[in-house]
Amino acid sequence: MRALCWTDTGQIAVRQVPDPELRNGHDAIVRVRQSATCGGDLPLLAGRAPYLADGDVLGHEFLGEVVTVGPQVRRHRVGDRVVVSSTVACGSCWQCRSGAPWCCDNGNPAPEASELAYGHPVPGAFGRPTATGGFAGGHAEYVRVPYADVGAYRIPDQVSDDRALFAADAAPAGWLAAELGGVRTGSVVAVWGAGAVGQLTARAAGMLGADRVIVIDPRDDRLRMARRHTDAETIDPRHADVPAELRERTGGRGPDVCVEAVGPAWDGRPRSLADRFTDAAERPPAVRESVHVCRKGGTVVVLGEYAGYVDTFPLGAVGAKGLRVRGVRQHGARHVPTLLERMARDELRTEHLATHRLPLEEGARGYALFRDRRDGCVRAVFSPDLPPAG
Amino acid sequence: MRRSTRLADTTAGALAGLASIRRLTTGRRTGARPPGSWEVVTVDRPPGEVLPGGRWPEPLRRLAPAIQVEIRQAPGGRGTELAARIRPGATLPGLAAHLAGDDPGRVVRTALWQAKQLTETGEVLRADRSRTDRGPAG
Ligand SMILES: [Zn+2]
Ligand SMILES: [Zn+2]
């Protein structure tokens, strides 16, 4: 089959790779119809993730059609149109059964690396290197989906592929950020980053009753989109002092909930392997700013996918202001079904985020547009079914 | 060829990185624990399902008689704490000994993870076929 593979730092290419096969009884094979780029992929692209190897298939957000099921699969049959949660969770461990599938104990066949790096094994995810399970990703014609009863979700007939695609990762991540932030009626929420995840966080905050949602991003096109598709107000940091502006707009209190949805975007500097996990710590400005402006006793939610260490973190402010800091990926199994229902009821629309639709063959171009935010690109969506141009 | 060298470099580099993380976080030099240390996992099932009829689950059974196994109830309804360690002075059988290298505790830990996974999900999750056992694309 054809698949978009990481080949070297900053290099990706479509290659012929072997078709995936059933490896466990709970597996299904899905024929991909669409897959999306995500900010979480950029550090991989830049070669900043340890263990990534030449030929790894990228992409953790995808949907398609079930073509094969393993003998233990109960909820799916061949022909089902499904969206697949970006994370691999078993559905049977204590974490999964307590509603925290991102903390699943069994979703990673190679738990040693993440245990060493983080103190505990983290579950698997598609299109990520060995430390995160090493499962091949969805920028391909076919994908193997482990624990398919838990990870794959039938898409309601009323929901288009274009909309359902965002239920794989971005929508549940945004929803969880708002939920962990404790957003409720009357909350004031600030969101750094107006990419797909930032916009969907803003939308989730609105749906959970926030009184004001303020989105911060230095791109006109994204700010315009956020205003049009969510009830958010916006701040452009190129023209405003963000902390002063937020203080003014919140009566001097500061936002109740501050969500960092910027992430470690590619800075273009390839690093050595040791750097990637140790010395060259991130210095995420949006995380620092959100801790600084958050109201006393408020909650800071870090959505960005930082792989290793962060430096110059304002720990003093966390203690002095009694902040809560929450880390988030996404609890797919907990949120995807209800998000699909909201999509079916037209309460949650996401298709505008797919600004660029390309054949899989143009994966490298799509990622370049996405990485550089060129041509108004919020998300590039690839389809193996679209004929290659020219 | 190029692929295998790259892979080797990557692994060595990443391990070096991880080792220095270990130093950063714990001050210890490596991940290896002293021989005879207990390794423990919590299995989200009652003790009777973790050791049905008193029998050890796979793959711990394969490590007998080199290891000791103990269980106790986990707090807060979280199931069973399943612990294992290499008996002082014992050596792991066959292939396990070969894989253990200078960190036999790692073998015990992996066996515990797999026993937990088998009990909770009925299977040991396998990775996708690795590039090395795939051979060239067809
Ligand atoms: Zn994503
Ligand atoms: Zn689980």
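This is a predicted model: local features need pLDDT of at least 70, side-chain atom pairs count only at pLDDT 80 or more; totals for chains, interfaces and linings use all residues.
User: How do you know that the span of helix 7 of chain A agrees with its 12 residues?

Analyst: The expected span is 1.5 Å times one less than the number of residues. For residues 196–207 of chain A this gives 16 Å, and the end C-alpha atoms are 16 Å apart, so the two agree.

User: Why is helix 7 of chain A called largely enclosed?

Analyst: Nine of its 12 residues are buried, so the rest of the structure largely encloses helix 7 of chain A. Buried means under 20% relative accessible area, exposed over 50%, and partly exposed in between (1.4 Å probe, protein chains only). Among the buried residues are Val197(A), Leu200(A) and Ala204(A). The partners against which they pack include helix 6, strand 10 (188–192) and helix 8 (220–229) of chain A, where contact means heavy atoms within 4.5 Å.

User: What makes the arrangement around the zinc ion (ligand 1) irregular?

Analyst: Cys38(A) (SG), His60(A) (NE2), Glu61(A) (OE) and Asp169(A) (OD) coordinate the zinc ion at 1.9 to 2.2 Å. Donors are N, O and S atoms within 2.8 Å of the metal (3.2 Å for Na, K and Ca), and water is not among the atoms, so a site may look incomplete. Four donors are tetrahedral if all angles lie between 85 and 135 degrees; four are square planar and six octahedral if opposite donors are over 155 degrees apart and all others between 65 and 115; anything else is irregular. The angles of 92 to 138° therefore make this arrangement irregular.

User: Which parts of chain A does the pair Glu61(A) and Asp169(A) tie together?

Analyst: Glu61(A) lies in strand 4 (residues 61–69) and Asp169(A) in the loop between helix 5 (161–164) and helix 6 (170–180), so the pair ties together parts 108 residues apart in sequence.

User: Are Glu61(A) and Asp169(A) buried or exposed?

Analyst: Glu61(A), at 0% relative accessibility, counts as buried, and Asp169(A) is buried at 8%.

Conventions:
Residues are numbered from 1 along each chain as its sequence is written. Chains are lettered from A and ligands numbered from 1 in the order in which they are written. Side-chain values use heavy atoms; hydrogens and water are left out. Helices (H or I, at least four residues) and strands (E, at least two) are DSSP runs, numbered from the N terminus.
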